[in-house]
Amino acid sequence: MLKQEVKDRFISIVGEENFVDNNASLLAYSYDSATQYQAIPDGVVAPRNNHEVAEIVRVCNEHKVPIVPRGSGTNLCAGTTPVEGGIVLIFKHMNQILEIDEENLTMTVQPGVYTKDVNEAAKSVGLFYPPDPGSQHISQIGGNISENSGGLRGLKYGVTRDYVIGLEIVLPNGEIIRTGGKLAKDVAGYDLTRLYVGAEGTLGMITEATLKLIPQPETKKTMLALYHDLEAAAETVSAIIANRIIPVTLEFLDQSTVKVVEDYAKVGLPTEAKAILLIEQDGAPEVVERDIEKITALCRENKAFDVSVAQTAEEAEQLTSARRTALSALSRLKPTTILEDATVPRSEIANMVKAINEIAAKYDLNICTFGHAGDGNLHPTCLTDARNKEEIELVEQAFEEIFAKAVQLGGTITGEHGVGMMKLPYLHMKVGEAGVEAMRNIKMALDPNYIMNPGKVFARERVVVNK
Amino acid sequence: MMDTKEKERIQQAFREKIDYDEIMNCTRCGFCLPSCPTYVETGHDEVHSPRGRIALMKGVVDGDIEPSEEVKRSIDLCLGCRACETACPSGVKFGRLLEQARDAIYQSNNQSLPVKLLRGVFFENLFPYQNRMIGLTGLLGVYQRSGMQKLAQKTGVMNLFPESMRTMEKVLPQVPKRKEMKNRPRHLRPLSEQKKKVAFFSGCLMDTIFMGTNDATTKLLQYAGCEIVVPEKQACCGALHGHSGEVNQAKEMAKRNIEAFEEAEVDYIITNAGGCGAFLVEYDHLLKDDPEWKERADTFAKKIKDITSVLVELEFHKLPLELPVQIVTYQDSCHLKNGQKTFMEPRTLLQSIDNVDYVEMKDASRCCGSAGIYNIVQSEMSMQILDYKMEQAQKTKAKTIVTANPGCLLQMKLGIEREGLSDQMDAVHIVDYLLEAYEKANGIVASEPVHA
């Protein structure tokens with residue numbers, strides 16, 4: 001519960017209409033897309049500009065009220081679940097594209113702009129903002145930056161981090177700072193921009209961002225390769241990369257994923273295939289043509305039983321958008337869908353897929369796997385029922401083994417979803433206890449009162465995990 | 001305000017009526033958010049989104065929150081357009097959850113007096129009885145023809161009603177005479193080689209206020225090669241009841257309809273109102289717990305087909321069709337699109353008419369805000385949604401807005417009137433438009449319906 005005094009101060013900052021604490025609103029901001037987590041906040045605040053954000057932060061810091069910045073709540077790590085109560089900060093008033101600078105190839109945005117609108121605004125002037133997380137048509141850019149979101153084009157173009165070159169940040173003490181700028185080069189001190197990208201809202205609030213744009217690729221081609229077994233598909237991925245081709249997209253779907261995606265999207269995906277690769281290449285027409293030819297040959301060499309290239313832009317778009325629905329479509333099969341994003345160096349894809357299947361068999365679980373095979377970012381997805389406590393216990397054990405295997409292969413516990421609450425118990429597996437401690441020290445230095453999105457990434461106190 | 005006892009009653013009703021498995025199917029991915037008109041119009045308020053509403057329902061069932069006024073408002077403000085179902089990759093049947101939630105809230109009957117009266121008049125005393133519909137529509141006719149309408153408009157007595165109702169009164173079509181409404185055709189022969197035998201679901205509103213559109217529908221079916229029966233014993237589809245929490249009445253009407261149409265022995269049952277069709281197509285779900293009716297309901301539901309869909313199947317769009325040169329645009333009926341998945345057919349038909357330039361308006365699939373009696377009980381939000389719709393319609397420079405459902409049609413007419421565009425724009429039902437195009441192209445002088 002917020003003290004009346006605190007509530008009054010929020011209202012005096014943002015106005016009555018921008019502070020709500022009725023039970024329906026509190027419940028509606030108690031969750032994100034990590035369905036197993038839910039916690040009711042004490043208020044929902046919608047600031048209208050960066051100064052209001054700063055004032056709110058000052059009040060929160062003074063009264064030790066937790067703040068959870070939230071975009072559209074599409075993250076999969078319980079990153080915006082207000083686990084320690086406090087206020088949820090939403091950006092419905094801060095949703096403007098402030099500038100597209102065609103000379104410096106940058107776009108300046110407020111945090112509440114939808115990712116898709118960033119993509120489209122860039123496209124409208126012949127430029128390109130490559131990051132395209134699965135939820136791009138509803139996710140907000142502020143959330144993407146805080147989670148360092150990936151997407152289908154990570155292999156060739158990188159992730160959100162690679163396109164954020166400047167930020168305006170409200171620090172936990174209420175100071176407003178600006179980092180980076182419209183600069184390709186800038187080594188003035190620590191790279192705070194990079195620190196805040198992917199900080200999951202635990203170090204401060206992003207109130208403006210300058211994004212880097214690149215020229216729109218001239219053309220794009222999309223193709224499908226079908227396999228009778230998983231490993232052959234995984235080996236193709238390694239073969240493509242080994243042959244010095246970097247496709248823009250190299251997505252992998254196993255049979256169970258293909259079946260549900262087809263059932264939902266009805267785009268004619270071949271459900272008899274045990275594994276599918278969805279491959280895209282973009283660039284100059286002659287390069288695309290040559291690469292697609294080479295990839296086709298590599299697919300066949302690696303035992304693809306069918307390879308086809310999309311004939312029209314619509315057909316290609318259908319295929320990629322069908323892939324985007326994979327996660328949600330999988331959830332049709334069972335009440336609860338637990339999606340992970342264990343990631344390995346791409347050379348280890350085949351080993352990782354094999355390990356996932358073995359672990360699933362060992363625990364007798366239904367785990368479907370799809371993901372961004374090209375960048376080693378897999379999405380083993382367990383179909384289960386949260387009400388079945390015994391099975392959930394097994395799911396947790398299985399995923400812990402999957403994470404351990406990923407780390408053992410030189411990978412990570414999370415490639416693009418973030419740590420949030422979901423991966424918090426496993427962070428040490430990837431970064432080590434000393435690594436967690438280093439992060440904790442950064443947090444302590446910037447946010448000594450622990451007001452910024454507390455309970456995420458790592459525990460407040462150092463806990464020694466003995467298992 | 002609700003007292004504690006009332007809240008407990010509603011909470012209990014939520015537990016009994018809400019399909020919890022369906023709630024669990026929501027993964028909270030948020031893909032539904034941009035499709036939801038109330039989410040967009042409330043400035044992206046999660047409370048007024050499909051994901052938010054499902055979370056609220058779950059919260060009430062789980063006992064995390066009590067069913068407060070705000071919870072009720074969220075459920076009330078939903079248009080029930082089901083655009084979220086089309087957007088949902090997990091296949092959550094939101095329309096059903098909404099009906100269950102409304103059933104839970106309204107069985108406890110905690111409505112404001114005017115709404116209660118309105119619902120009582122519409123749901124219990126009017127729609128179930130076609131003779132009363134005819135009676136009321138007859139009165140409307142007297143009002144329109146006797147000069148009373150002019151008098152009412154002049155004296156400003158209409159200003160006592162909410163704005164949407166006031167304008168609605170102006171745009172209602174000239175209704176047929178009582179005698180015409182009572183003497184409806186029951187059997188019609190095809191006017192070309194017979195291809196199908198169909199039954200026509202005439203609907204309560206459609207067969208009174210929009211009687212002319214019903215005549216146009218059977219005429220089109222005749223031209224397309226259908227023998228048509230129009231069972232006399234049919235009743236209102238029950239959609240308005242079902243969507244508003246009066247489920248028991250909806251079931252009664254479903255049973256009457258199943259019986260009436262079983263006797264007809266036809267290939268299809270044709271509707272020309274998207275709202276009715278989407279409800280008829282789910283009779284199997286409505287009666288799923290009734291062993292005696294389940295299978296019969298299933299057979300009935302499988303035969304339901306929208307007029308546009310059967311016309312395309314019978315290749316009506318390949319016949320000569322022609323109208324004076326004009327731009328036309330189409331407003332989807334939410335329940336035709338999201339409920340019956342009929343999306344391309346109306347467009348295919350419109351694009352086949354000579355001289356007509358079809359221009360799709362932006363967000364044609366977004367609800368127009370009519371939504372049953374929504375534009376009366378949630379007038380403010382409805383008008384906000386309509387303003388956006390008219391803005392998009394005007395951008396197409398269309399002379400005609402075509403719709404496929406009576407509610408949408410009235411709402412579009414209302415929008416045109418509100419914007420002061422009556423001299424440049426008109427709204428028509430797709431069957432009236434198609435009939436005109438067919439008769440013009442084939443040199444047929446518009447005639448009385450051909451009776452058997």
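In strand S17 of chain A, A:Phe370 stands opposite A:Leu253. This pair belongs to a predicted model, in which local features need pLDDT of at least 70 and side-chain atom pairs count only at pLDDT 80 or more, while totals for chains, interfaces and linings use all residues. Residues are numbered from 1 along each chain as its sequence is written, and chains are lettered from A and ligands numbered from 1 in the order in which they are written.

Helices (H or I, at least four residues) and strands (E, at least two) are DSSP runs, numbered from the N terminus; two strands pair if DSSP finds at least two bridges between them. Within S14(A), A:Ile276 is the bridge partner of A:Leu253.

How many residues of S13(A) are buried? For strand S13 (residues 249-254) of chain A the count is 6 of 6, and the strand is mostly covered. A residue is termed buried if 20 or more other C-beta atoms lie within 10 Å of its own, exposed if 12 or fewer, and partly exposed in between, with C-beta atoms placed from the backbone. Both faces of S13(A) are covered: one side carries A:Thr249, A:Glu251 and A:Leu253, the other A:Leu250, A:Phe252 and A:Asp254, and all are buried.

S14(A) leads on to strand S12 of chain A, to which it is joined by 9 bridges, the two running antiparallel. A:Thr222 stands opposite A:Glu280 of S14(A). S12(A) pairs as well with strand S15 (residues 304-309) of chain A, antiparallel and over 5 bridges; there A:Val307 is the bridge partner of A:Ala225. S12(A) spans residues 219-227 and is largely enclosed by the rest of the structure, because 7 of its 9 residues are buried.

Another part of chain A carries an annotation. UniProt, in an unreviewed entry, places the feature "domain: FAD-binding PCMH-type" at residues 37-216 of chain A; UniProt positions are given in the numbering used here, feature names are shortened, and annotations may be inferred rather than shown by experiment. The span is 22% helix and 24% strand, and its end C-alpha atoms lie 39 Å apart.

Chain A also contains an open sheet of 5 strands in the order S5-S6-S10-S8-S9, with antiparallel pairing. Its edge strands, each pairing on one side only, are S5 (97-101) and S9 (176-180) of chain A. Neighbouring strands are turned by 10° against each other on average, direction ignored; axes are lines fitted to C-alpha atoms, for helices over the stretch in contact, and angles run from 0 to 180 degrees between N-to-C directions. Strand S8 (residues 164-170) and strand S10 (residues 205-212) of chain A form an antiparallel pair over 6 bridges, in which A:Ile169 stands opposite A:Ile206 of S10(A). Helix H4 (residues 115-124) of chain A packs on this sheet and touches S5, S6 (106-109) and S10 of chain A, its direction making about 145° with that of S6(A).

Why does A:Glu391 count as partly exposed? A:Glu391 is classed in this way because it has 18 C-beta neighbours inside 10 Å. Not counting residues up to four places away in sequence, A:Glu391 touches A:Thr384 and A:Asp385; two residues are in contact if their C-beta atoms, placed from the backbone, lie within 7 Å.

Chain B has 25 helices and 9 strands, and buried residues make up 52% of its 452 residues. Where chain B meets chain A, 28 residues of chain B are in contact with 27 of chain A. Helices H2 (20-24), H4 (50-62) and H5 (69-77) of chain B each supply at least two residues to that side of chain B, and H4(B) gives the most, with 4 residues.

The largest nonpolar core has 186 residues, of which B:Val198 and B:Leu220 touch the most other members. Such a core is a set of buried Ala, Val, Leu, Ile, Met, Phe, Trp, Tyr and Cys residues joined through C-beta atoms within 7 Å. A second, separate core of 73 residues includes A:Tyr227, A:Val260, A:Ile402 and A:Tyr426.
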